[in-house]
Every structure is written in C-alpha cells, then in structure tokens.
Amino acid sequence: MAAHLHDSVLQTLALIQRTEDPAEMVALARGQERELRAWLYSKAPGARADSLSAALDDAAAEVEHTHRTPIELVLVDDCPLDDGVRALVHACREAIVNAARHSRARRVSVYVEVEDDRVVAFVRDQGIGFAREAVPADRRGIAESIEGRMERNGGVAVIETAPGRGTEVRLAVPRSRA
C-alpha cells in the first residue's frame with residue numbers, strides 16, 4: 001500500500017504544488033481520487049471490469065480529463081454490461097460530453113440507478129441550455145448518439161432544455177436478466 005500511495009498520491013500532490021492553474025489542480029486531484037478509489041475498490045469481492053459502474057467511471061473520468069469539467073457521478077447498485085446497458089453508457093457519455101462542451105456549467109451531475117427491470121440515468125447541468133430547434137440539421141449527436149442509440153436498444157431518451165434553464169437528459173433501458 002505504501003508503494004502505491006508513493007507512486008500515485010504523493011506524486012500527484014507534488015504536481016499540484018507546482019501548478020498555479022486552479023483548474024489543473026482540480027483536474028489532478030479529481031483524477032487521483034478516481035484512481036485511488038478504483039484501486040481500493042478493485043480489491044473488494046465482486047468488483048468487475050465489465051460492469052456498469054466501471055464503464056460509467058471510465059466515461060466520466062475521460063470526459064472530465066478532456067474537458068476539465070467536474071463530473072459528479074452517483075450510481076445506485078450495479079449490473080453487468082449487456083447491449084442495452086452498454087448503449088445507455090454510451091448515450092450517457094455523449095450527454096456528458098455535450099454538457100461539458102456546450103453548457104458552460106461548472107459541473108455536470110450524473111445519477112444512475114439499477115432497478116429490477118431497467119437502468120435509468122439522468123445527466124443534468126445548470127448551464128446555458130439551448131433551443132432544440134436551433135440545433136443545425138447536420139448536428140446529429142442528440143438525434144443519433146443519444147435518442148437513436150436508446151431507441152435501437154429498446155430504451156428511451158428525453159431531453160429537456162431551454163435557453164437559460166440548463167439541460168436534463170433522462171435515459172432508460174430494459175435490463176436483461178441473464
């Protein structure tokens with residue numbers, strides 16, 4: 001444990017001390033927090049790389065690192081990835097990317113709950129929002145990467161937004177009970 005803490009946490013703290021950019025400090029700290037949690041929980045029985053929680057953690061960490069926007073992820077329960085759940089993860093990632101790139105929000109909140117028969121997700125920002133009808137026809141991220149992906153997998157996506165109101169993307173997909 002001491003070696004791991006030295007190789008990761010202490011080195012990250014040293015990097016934080018050398019930067020004067022607050023956004024970089026936050027990004028380094030959050031990245032280290034995710035890495036440390038993954039390391040700690042991977043020792044727990046039942047931790048799986050092919051799980052909803054692992055896929056969501058990876059997506060949130062990648063978007064957070066790329067766009068320097070904190071992603072607050074809350075997951076209630078876990079399940080294995082199947083085609084539908086994997087589609088939900090990809091649609092969630094697209095919604096998170098859109099919020100990080102376009103909303104101007106300070107953070108993006110993601111809440112995902114595994115229910116008996118389905119998985120539901122909510123991606124929310126308190127950013128600038130947008131008028132859906134003003135999105136150019138050649139921009140297909142919402143229509144294809146979120147709504148279309150969910151429909152192709154038996155799920156549903158609902159996007160609620162308006163200029164000045166922020167955005168909420170609600171996703172739901174059935175779970176296979178294999």
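Select Glu 160. Its relative accessible area is 35%, so Glu 160 counts as partly exposed. Keep in mind that this is a predicted model.

**Stop 1: the salt-bridge network**

Arg 170 has a relative accessible area of 25%, so it is partly exposed.

Is Glu 168 buried or exposed? Glu 168 is buried, because its relative accessible area is 17% and the cut-off for buried is under 20%.

Which residues make up the whole network? Select Arg 124 along with Glu 160, Glu 168 and Arg 170: salt bridges with shared partners join these four into one network.

**Stop 2: another salt bridge**

Clear the selection. Pick Glu 144 and Arg 152. They form a salt bridge too, and here the closest N and O atoms are 3.6 Å apart. Glu 144 is at 35% relative accessibility, so it counts as partly exposed. Arg 152 is at 56%, so it counts as exposed. How many salt bridges are there in the whole structure? The search finds 8.

**Stop 3: the whole chain**

Zoom out and switch to a cartoon view. The chain has 5 helices and 5 strands. Trace them along the sequence and the order reads α-α-α-β-α-β-β-α-β-β. Now colour by accessibility. Of the 178 residues in the chain, 39% are buried.

**Stop 4: a negative patch**

Select Asp 57, Asp 58, Asp 77 and Asp 78. Together they form a negative surface patch.

Look at two members in turn. Asp 58 is in helix α3, which covers residues 52-67. Its relative accessible area is 56%, so Asp 58 is exposed. Asp 77 lies in the loop between β1 and α4, where α4 covers residues 83-102. At 53% relative accessibility, Asp 77 also counts as exposed.

Check the backbone at Asp 77. Its phi is near 75 degrees, a positive value in a residue other than glycine.

**Stop 5: another positive phi**

Move to Arg 68. Where is it? Arg 68 is in the loop between α3 and β1, with β1 at residues 71-76. Its phi is near 55 degrees, again positive in a residue other than glycine. At 35% relative accessibility, Arg 68 counts as partly exposed.

**Stop 6**

Hide the surface. Select Leu 88, which lies in helix α4. Leu 88 is buried, with a relative accessible area of 0%. Leu 88 and Met 150 are 62 residues apart along the chain, yet their C-alpha atoms are separated by 6.7 Å.

Next, select Val 110 in strand β2, residues 108-114. Val 110 is buried, because its relative accessible area is 2% and buried means under 20%.

**Stop 7: the cysteines**

Finish with Cys 79 and Cys 92. Are they buried or exposed? Cys 79 is buried, with a relative accessible area of 5%. Cys 92 is buried as well, with a relative accessible area of 0%.

How many disulfides does the structure have? The count is 0. To be counted, a pair of cysteine sulfur atoms must be within 2.5 Å.

Methods: Residues are numbered from 1 along each chain as its sequence is written. This is a predicted model: local features need pLDDT of at least 70, side-chain atom pairs count only at pLDDT 80 or more; totals for chains, interfaces and linings use all residues. Side-chain values use heavy atoms; hydrogens and water are left out. Patches are made of residues with over 30% relative accessible area and no salt bridge: like charges are joined within 9 Å, nonpolar side chains (Val, Leu, Ile, Met, Phe, Trp, Tyr) within 5 Å. Accessible areas come from the Shrake-Rupley method with a 1.4 Å probe; for residues, only the protein chains shown count as cover. A salt bridge is a side-chain nitrogen of Lys or Arg within 4 Å of a carboxyl oxygen of Asp or Glu. Lys and Arg count as positive and Asp and Glu as negative; His and the chain ends are not counted. The place of a charge is taken as NZ of Lys, CZ of Arg, CG of Asp or CD of Glu. Helices (H or I, at least four residues) and strands (E, at least two) are DSSP runs, numbered from the N terminus. Buried means under 20% relative accessible area, exposed over 50%, partly exposed in between (1.4 Å probe, protein chains only).
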